[in-house]
Amino acid sequence: TLCFATSVDAVVRAEEAQRNFVQTLSKTFANLTTGLAIFDRDRRLALFNPALLDLGDVSVDFLSSRPTLFDFFDKLREKQIMPEPKNYDDWRERMAKLVAAASDDRFRETWNLAGGQTLDVTGRPYPDGAIAFLFNDITAEVSLTRGYRVELDTLQSVIDMIEDAVCVFDSQGILTLCNTAYATLWNTDPDAGIPETTILDATQTWK
């Protein structure tokens, strides 16, 4: 009978390091406000963070069951966390294109959901064949931008009613706003000319 022992210290240390790394990674992801879903090379959900749960009514049990990528997006569609496809027959084809785009680092979409929520969704590939999807809730930013545009449109409507030619320059001397009377008087196109016009350019035109 021959008995022998082989040291596996290096293997144990490597496994411990891997576990510690995953735990550290999970803690880091847990603090992110962006929803994260990472699928392994077999296209099964390998890792997700709490922010993903905040996006909608997707249960922890479902995510913990390591669903496939297609099942995951089917669940998002079912919970109305992604836009409803106009033609469900093309759904799988669209998902296949989505995976292909994410694998090539080309996938980025803005999802306007029925409940008024807006998500910025990005797909990122990894060298080992895994894919990460990031779900960023940009509802507040979109609402702020829309409100800002409404204010600008209102301001533009007000100054357009003034008969005198009016123009506004910012602190850097760049023309930021002018009314219809100004555009008519100096034969300028506000939409095309404002971004490039400085106060020096304008005074030369006035001369």
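Student: How many residues lie between β6 and β7 in their hairpin?
Tutor: Five residues lie between them. This is a predicted model, and in its turn G173 has a positive phi of about 80 degrees.

Student: Do β6 and β7 run parallel or antiparallel?
Tutor: Antiparallel: β6 covers residues 167–169, β7 covers residues 175–178, and three bridges pair them.

Student: Which residue is the bridge partner of V168?
Tutor: L177, in β7.

Student: What about the hairpin of β1 and β2, which residue takes a positive phi there?
Tutor: R43, with a phi near 65 degrees. That hairpin has five residues between the strands. Strands β1 (residues 35–39) and β2 (residues 45–48) run antiparallel and are joined by three bridges. I38 has L47 in β2 as its bridge partner.

Student: Switching to helices. Which residues of α4 are buried?
Tutor: Helix α4 spans residues 69–78, and L69, F72, F73, D74, L76 and R77 are buried in it.

Student: What follows α4?
Tutor: Q80 follows, and its phi is positive, near 60 degrees.

Student: How many helices and strands does the protein have?
Tutor: Nine helices and seven strands.

Student: And what is the radius of gyration of the protein?
Tutor: The protein has 27 Å, whereas a compact globule of 207 residues would have a value near 17 Å. The C-alpha atoms fill a box of roughly 110 × 40 × 25 Å along the principal axes.

Student: How much of the protein counts as buried?
Tutor: 29% of the 207 residues. The accessible surface comes to about 13800 Å², and carbon and sulfur atoms hold 54% of that surface.

Terms used:
Residues numbered from 1 in each chain as written. Predicted model: local features only at pLDDT ≥ 70, side-chain atom pairs only at ≥ 80, totals over all residues. Heavy atoms only, no water. Pairing = 2+ DSSP bridges. Helix = DSSP H or I, 4+ residues; strand = E, 2+ residues; numbered from the N terminus. Buried < 20%, exposed > 50% of the residue type's maximum accessible area, 1.4 Å probe, protein only. Rg over C-alpha atoms; globule rule 2.2 N^0.38 Å. Areas by Shrake-Rupley, 256 points an atom, 1.4 Å probe, with all protein chains shown as cover.
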